[in-house]
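Grab your viewer and work through these exercises one by one. Try each task before you read its solution.

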Amino acid sequence: MLMGITALMFSGLELEVLTSLDGMLRFMTVREILEDVGAAFIPMFCVAVGWWLCLMLFMKVVQVFGWEARDRESVFWRLGLTIPLIYFALELLNSTRLRISPHWHPGLFGWLWMAPLLVAFCVASICLPKLSALQRFCRTRLAPVAEVHIVLIAVVAIALIARGVRVFHDFAHPGRAVVASNSPDIYLLTIDALRAQDMSLYGYQRSTTPNLERFAQQAYTFDFFFANSNFTTPATTSIETGKLPWTHRVFQLGGFLRGQAQQETLAALLRQRGYYTASIASNPYASPIQHRTQDSYDAIEFPLPQSGNGLWNRYTDLVGLNTLHTLSYTMLKLLNAVRSYVGAVIWSDRYPSPAEPVFERTRTLVARQDISQPRFVWAHIFPPHDPYLPPLPYRGRFMPSSKLTHGYDFLSLRNESPPRGVSAEELRARYDENVAYADHVVGDFLEWLRQTGRLDHSIVIVSADHGESFEHGWFSHAGPYLYNGLIRIPLLIHLPGQKQGIRITQAAEQVDLLPTILELVGGQAPSWAEGTSLKPVLEGGHMPPRLLISMNLDPDSTFEPITRGSVAVIDDDFKYVGQLGTHEGSLFRYKTDLLEEQNLVESEPGIAARMKDLLARKLEEANARPIFQP
């Protein structure tokens with residue numbers, strides 16, 4: 001029985017891998033994929049054994065009720081094989097669908113009528129044959145398949161251990177003895193999926209960010225600050241490296257830095273200047289864990305989600321592999337979907353990754369007495385990222401309705417549509433409540449810095465990784481669009497001793513943060529950094545005209561020249577967005593047309609042609625750089 005269960009589960013996993021193979025090959029080598037596949041067999045085998053043990057327990061229970069041995073054995077075998085067969089059949093159906101009609105998506109209602117048919121077919125396939133025939137099939141056909149895979153698991157486990165692969169654990173090294181330094185502490189606070197348009201700090205009608213408004217009274221506030229991508233991994237990699245996505249070549253959610261680029265980070269440069277460097281992030285895709293830059297940090301902490309996914313994330317995060325991503329989003333997607341649904345039902349009232357643990361750990365780290373060095377702490381919080389489910393008293397502040405009040409209400413949120421029965425404005429109201437929650441927690445931490453006297457002696461930067469969309473028929477983030485809602489984000493910079501707030505109208509971008517921070521502490525940006533220091537602007541000066549760039553290159557391969565995706569080039573007045581590989585483009589006056597409803601390509605053909613040409617030249621320069629080859 002166990003061998004039959006194992007064979008069906010492993011076969012389903014292999015179908016799932018084949019379905020996702022083309023996508024993984026865009027950012028992983030064949031060897032890396034094989035290593036992750038080998039690692040994926042281990043939790044799948046644990047699931048198979050767990051199901052078998054549940055069956056054994058069930059048989060012990062029904063024995064008490066006097067079931068005959070023959071009936072118990074029949075139920076044991078038929079029930080035991082039906083569930084794994086359904087999993088295998090689902091993966092077979094999905095892989096067949098992708099081969100025959102890759103652009104067809106059945107949607108919720110499609111699966112609602114297909115799933116009962118599939119279950120009925122599997123039940124009939126298991127229940128119609130005689131028990132002896134079923135047992136013989138398991139023994140002669142399925143058992144050899146399982147045995148081969150079990151041997152493979154053992155070989156892979158030994159190989160990974162020999163290679164030094166291990167489960168990641170939070171760490172915080174002791175401070176180093178350094179000569180007394182007057183360098184200020186640096187706090188980089190990034191807020192996930194926070195768009196500037198929904199912040200009262202930037203003129204939004206709802207009072208979503210009163211704490212950041214107070215902080216802005218003693219900080220520089222940039223009115224037009226742009227993310228270099230519209231989702232977390234490439235955007236935060238640009239913050240960390242000072243390089244544009246087409247240079248650091250992290251294009252996908254599961255992408256990561258390679259080779260020498262793993263050492264070329266802001267944290268590594270600050271470490272060389274005597275800083276104690278720390279990252280505390282509740283989104284792993286904003287963390288050195290995913291970026292593969294752990295060596296640049298003295299401390300890395302990952303507060304786990306407060307749901308059933310917490311333990312899964314902890315034990316699938318293997319150093320040296322990409323399993324934190326692949327075991328949830330490419331190889332064990334069905335298992336991940338089940339976990340998500342179960343978690344959303346059991347913990348339906350709870351936001352999965354609250355912000356408080358991030359700042360609790362940050363306070364603990366900052367208050368340590370054994371660290372005499374100046375500190376660089378990058379704290380990244382998950383809210384207001386979906387699900388937009390803030391705690392009380394923020395839930396219901398802008399929409400006193402029973403809609404979207406449970407975690408499972410957000411499971412049907414898609415880029416193309418809000419949850420069923422919910423309007424874009426209702427979804428946005430819940431998002432705004434989550435923004436208010438994030439503002440409160442960040443404000444508490446800023447107030448702690450002030451009360452402990454640290455604020456006056458520190459550089460404090462508040463920003464985001466990307467924005468969020470509720471317009472143009474597009475929701476959440478990522479995807480081919482680069483509208484203001486997706487890439488215009490906040491930037492506030494407080495300098496030591498600053499008591500007055502100043503607004504900056506000159507546009508800037510995420511790659512500017514690395515050279516700015518280095519120059520503020522007396523350093524100089526390295527040759528590989530692509531941003532421009534904002535220090536002259538903070539001192540009242542102006543920067544020469546330049547192009548800012550944002551992009552989504554998810555369709556491209558890390559290992560090949562860039563030919564697809566979306567790229568925006570932005571000057572002081574206009575934003576031009578080109579769809580690579582097509583002749584499509586759009587032009588906006590992004591400062592006055594904040595919602596970008598007026599495409600000026602036809603009314604301003606000269607400007608559109610000029611910016612399109614600038615984009616083509618920038619892309620040509622990017623493709624001329626050496627590309628990592630597996």
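Here, buried means under 20% relative accessible area. One thing to keep in mind throughout: this is a predicted model.

**Exercise 1.** Find which residues of helix H11 (residues 309–316) are buried, then look for what covers them.

*Solution.* Start with the cut-off: with under 20% relative accessible area counting as buried, Gly310, Trp312, Asn313, Arg314 and Thr316 make the list in H11. Next, look around them. The cover includes helices H2 (30–64), H12 (323–329) and H13 (333–346), plus strands E1 (166–167) and E8 (318–319).

**Exercise 2.** Work out how helix H1 (residues 2–24) packs on helix H3 (residues 69–100).

*Solution.* First, the geometry: the axes sit 9 Å apart, at an angle of about 20 degrees. Angles under 35 degrees count as roughly parallel, so H1 is roughly parallel to H3. Then the handedness: H1 crosses H3 in a left-handed way. Now the contact itself. Residues of H1 including Ile5, Leu8 and Leu15 meet a set in H3, among them Leu81, Phe88 and Leu92. Sorted by class, this contact has 13 nonpolar, 7 polar and 3 charged residues.

**Exercise 3.** Track down the largest nonpolar core and the residues in it that touch the most other members.

*Solution.* Helix H15 (residues 424–451) gives the most to it, with 13 residues. Zoom in on Leu427: leaving out residues up to four places away in sequence, Leu427 touches Tyr388, Leu404, Phe410, Leu413, Pro418, Pro419, Val422, Phe470 and Phe475. Apart from this core lies another, of 41 residues, including Ile5, Phe27, Leu118 and Leu134.

How values were computed: Residues numbered from 1 in each chain as written. Predicted model: local features only at pLDDT ≥ 70, side-chain atom pairs only at ≥ 80, totals over all residues. Heavy atoms only, no water. Core = buried A, V, L, I, M, F, W, Y, C linked by side-chain atoms within 4.5 Å. Buried < 20%, exposed > 50% of the residue type's maximum accessible area, 1.4 Å probe, protein only. Helix = DSSP H or I, 4+ residues; strand = E, 2+ residues; numbered from the N terminus. Contact = heavy atoms within 4.5 Å. Axes fitted to C-alpha atoms, helices over the stretch in contact; angles between N-to-C directions. Parallel < 35°, antiparallel > 145°, perpendicular 65-115°, else oblique. Left-handed = near helix turned anticlockwise from the far one by under 90°. Nonpolar A, V, L, I, M, F, W, Y, C, P; charged D, E, K, R; others polar.
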